[in-house]
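Keep the sequence and the coordinates open alongside.

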Amino acid sequence: MEHRVRLEKKRRILLALVLTALLLAGVGSVVYSYRHYTEQREKYFQMLRQTEREAARNAAFLLGEVLRPYRELVLVTATQLAKMNLDDDAAVDQFLTEKIAGLSVVDNFYFGRERDGKFLDSANAQLPRDFDPRKRPWYREAVAARGFIVTEPYRDAATGELCLTLAIPVYQQQELRGVLGLDIFLRTAQGFIANLKFGTEGYLWVTDGRGYILMHPNKALVGLNLSSSAQAWRRVRGDQDYLEALRANWQKICSAFEGELSYRNEKNELVLAQFWTIPVWEWKVIAAAAPAEVSRQLKNIALFNLVTSGMGLLSSLLLVGLSLAAYGLMHRKELQFLATHDFLTGLPNRYFLELNLKRALARVRRGRQSALLFLDFDNFKLINDTLGHSAGDAALKFMVNLLRKNLREGDLLARVGGDEFAVLLEGSGCEEAKAIAERLRRVVDETPVTLEGHTFNLSLSIGITLLDEKMDIQKILGRADAALYTAKENGGNTCVIVRPEEDPIAASSTASYWVSRIKAALREEGFVLLFQPVVGVGDAQIVYHEVLLRMRAEDGTLISPGSFIPVAERFGLMPQIDCWVVKTALKVLQANRELTLFVNLSAASIGSDKLLDCIITAIKESGIDPRQLGFEITETAVMKDFERAKEWLRALRDLGCRFALDDFGTGCASFSLFNLLAADYLDYLKIAGTFVRDAAQTPSARSIVQAITTVATAFGKKTVAEWVENEAILEVVKEIGVDYAQGFYLGKPQPEIKI
């Protein structure tokens with residue numbers, strides 16, 4: 001009996017120990033499970049944000065690359081048209097038809113003639129009998145802008161479909177002859193992002209800088225503006241919560257190049273999105289994760305951890321610990337792999353490439369040569385257009401295996417977007433890199449791809465650059481991309497190398513042409529200044545003249561800045577041009593001491609120490625009162641590097657120069673920027689002409705002009721209304737209380753100033 005009592009006591013002690021161990025194991029499992037859930041949840045959100053960011057960035061890059069040639073095509077075509085007999089309908093029509101041949105994104109190239117409203121197009125569109133292109137929005141907007149524009153979405157007169165137009169006015173001997181237009185139908189453009197998805201339900205969409213939705217999986221949203229009335233949005237089913245959140249944060253999105261948007265919908269589901277900006281076009285690409293998919297993933301993570309903690313209650317603490325440790329290690333490796341590799345091909349992605357470039361660059365500094373190749377399949381789009389994106393994915397995988405077989409062990413092959421790849425060749429000099437690139441080009445050219453009974457012969461364009469210890473990662477990537485661009489420009493199926501000592505300007509034949517023209521104009525006085533007066537609204541007295549830049553063509557005609565300024569900004573020539581303009585303007589002031597001139601400063605120039613020294617030195621040497629010289633700046637120029645711009649402006653302000661903020665109201669950050677600059681830097685606020693032009697007819701435009709005038713007056717600043725083109729507009733701005741006005745009605749730009 002006593003033995004039984006002792007045995008029972010031991011059993012109870014053992015049971016207590018087992019129960020205690022199980023309890024401790026359970027508590028430990030719950031604690032560990034909760035911490036594990038928190039970590040995995042955060043890692044999931046990090047991966048989701050990265051995936052969205054890469055999707056938005058890659059889509060923005062893809063759209064930018066696809067759209068860039070069409071912008072250049074419009075500019076080049078307009079230049080060529082200006083040299084033709086625009087009254088020869090047959091010649092113009094045939095010219096436009098030849099220009100549109102082979103283009104898949106756009107459906108029509110046309111020219112509207114100013115003299116008689118004659119409409120010539122490449123597609124022979126069926127237009128209404130009373131159609132007059134001069135009354136169309138694309139025509140009016142291009143003429144008003146006096147340069148290249150991208151319109152907001154509107155209904156095409158021939159088809160009734162939503163489209164936007166790339167348009168530019170055509171002048172001959174400074175006379176407006178008409179407007180050249182190139183339509184991009186949103187139905188066609190939709191195909192760019194229709195199949196770009198991430199996860200199972202995430203999708204992308206695109207808006208322009210005005211807030212118009214250009215591409216969206218929900219076709220009912222395409223063409224709507226984020227500032228449209230609530231009634232217009234109520235007619236659209238789905239996405240209401242997300243759209244309302246986007247509308248509320250639109251100013252924030254406009255003022256940033258990239259960023260995140262998050263909120264909780266009416267179901268308390270977390271919604272995440274990332275946005276990226278397409279340079280030049282200022283369109284926003286938004287990658288949005290579906291709330292339901294995010295919720296499912298979070299539930300899966302929570303469910304997995306619940307099961308794990310339950311297993312901990314039934315298993316020994318050691319086994320539970322080992323299994324969770326093994327899972328954690330495996331999951332961390334998987335997350336790391338997903339964050340650094342492309343999901344389709346399994347290749348390293350751009351992020352992984354940049355990490356390896358940093359390490360390779362460190363080895364270059366220790367004397368080891370390395371090279372970087374950028375690869376792009378010239379005619380890969382043909383597969384997607386013919387057989388669809390699933391066939392395109394299969395072709396990509398085939399080509400990846402082909403490239404791998406022809407690279408050395410240790411060479412890094414990465415996918416940086418679409419059908420574009422990069423190869424990092426560590427330990428390779430110039431000649432070896434060229435030999436490897438040529439081998440890759442040749443094997444792709446000689447290996448046909450057979451898919452679904454169709455055979456395709458692809459070719460490869462390759463850009464090569466050597467790693468230079470004096471350059472950072474982004475410059476190296478940029479040089480490789482410039483070399484690739486040159487290879488594409490040369491017809492594709494070729495290899496082009498840009499050495500560290502070479503100038504990558506040769507990446508574009510068109511850009512190279514304009515660069516040489518600009519440099520020649522700087523050497524040979526090939527630029528011309530025009531002067532347009534700014535007058536008092538009440539007394540019609542001239543307060544100052546705005547200095548406008550033109551280039552003199554070989555035939556003596558003047559070339560608008562829209563043709564050469566973008567190239568000058570891209571290749572760092574704007575500080576030289578602005579220095580020339582300032583020096584020439586000072587010579588005019590020396591001959592006319594009673595004048596005041598305002599010079600436009602490029603966004604690419606503000607912040608340049610050389611230009612600042614040039615301006616200050618030129619003013620001091622001229623003997624001109626610095627108050628006679630002012631500068632017109634834009635929101636874009638200042639926001640590029642706000643702190644640096646403030647220091648730059650302060651130096652000229654301390655000298656005595658004055659400043660005007662140009663095109664006020666067109667940017668997303670206009671009022672906030674004005675608030676930061678008004679007290680210390682600004683003298684004049686120039687109201688954007690798009691609002692002034694419509695103020696006489698549109699109550700909303702008049703209200704905007706009134707609001708801007710009120711704000712400027714509150715800060716003690718003078719206002720200037722741009723685009724005053726007739727007496728009606730002048731009367732309206734006078735009633736509103738605008739101080740000064742500028743426009744063709746008050747004085748056109750002239751090469752000489754009439755005092």
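Helix H17 covers residues 574-591, which makes 18 residues. Its first and last C-alpha atoms are 26 Å apart, close to the 26 Å expected at 1.5 Å a residue. The model is a predicted one. Of the 18 residues of H17, 13 are buried, so the helix is largely enclosed by the rest of the structure.

**The disulfide**

The structure holds one disulfide. The pair links distant parts of the chain, with Cys-579 in helix H17 and Cys-614 in helix H18 (residues 609-622), 35 residues apart. Which hand does the disulfide of Cys-579 and Cys-614 have? The torsion about the S-S bond is about 70 degrees, so the disulfide is right-handed.

| Residue | Relative accessible area | Class |
|---|---|---|
| Cys-579 | 13% | buried |
| Cys-614 | 12% | buried |
| Cys-163 | 0% | buried |
| Cys-495 | 23% | partly exposed |

**Helix H12**

H12 runs over residues 389-405. Its 17 residues should span 24 Å at 1.5 Å a residue, and the end C-alpha atoms are 24 Å apart, which agrees. The buried residues of H12 include Ala-391, Gly-392, Ala-395, Leu-396 and Met-399. Val-400, Leu-402 and Leu-403 are buried too.

Five strands form an open sheet with mixed pairing, in the order S13-S14-S12-S17-S18. Strand S13 (412-417) and strand S18 (495-498) are the edges, each pairing on one side only. Neighbouring strands of the sheet are turned by 20 degrees against each other on average, direction ignored. Strands of a sheet pair through backbone hydrogen bonds, either parallel or antiparallel. Strand S17 (residues 460-466) and S18 pair in the parallel sense, over four bridges. Ile-464 has Ile-497 in S18 as its bridge partner.

Helix H13 (residues 430-446) lies across strand S12 (370-377), strand S14 (420-426), S17 and S18. H13 runs at about 170 degrees to S17.

Gln-172 lies in strand S5 (residues 162-172). Is Gln-172 buried or exposed? Its relative accessibility is 16%, under the 20% limit, so Gln-172 counts as buried. A polar atom of its side chain lies 2.8 Å from the backbone oxygen of Met-84. The side chain of Gln-172 also makes a polar contact with the side chain of Arg-177, at 2.5 Å. Leaving out residues up to four places away in sequence, Gln-172 touches Leu-81, Ala-82, Lys-83, Met-84, Leu-86 and Arg-177.

**Two loop residues with positive phi**

Most residues other than glycine have a negative phi. Glu-452 is not a glycine, yet its phi is positive, about 50 degrees. Glu-452 sits in the loop between strand S15 (449-451) and strand S16 (454-456). With 59% relative accessibility, Glu-452 counts as exposed.

Ala-540 has a positive phi of about 60 degrees, although it is not a glycine. Where is Ala-540 placed? Ala-540 is in the loop between strand S19 (527-536) and strand S20 (542-552). Ala-540 is exposed, at a relative accessible area of 55%.

Terms used:
Residues are numbered from 1 along each chain as its sequence is written. This is a predicted model: local features need pLDDT of at least 70, side-chain atom pairs count only at pLDDT 80 or more; totals for chains, interfaces and linings use all residues. Side-chain values use heavy atoms; hydrogens and water are left out. The expected span of a helix is 1.5 Å times one less than its number of residues. Buried means under 20% relative accessible area, exposed over 50%, partly exposed in between (1.4 Å probe, protein chains only). A disulfide is a pair of cysteine sulfur atoms within 2.5 Å. A polar contact is a pair of N or O atoms within 3.5 Å; within protein, one must be able to donate a hydrogen and the other to accept it, and residues adjacent in sequence count only if both atoms are side-chain atoms. Contact means heavy atoms within 4.5 Å. Two strands pair if DSSP finds at least two bridges between them. Axes are lines fitted to C-alpha atoms, for helices over the stretch in contact, and angles run from 0 to 180 degrees between N-to-C directions.
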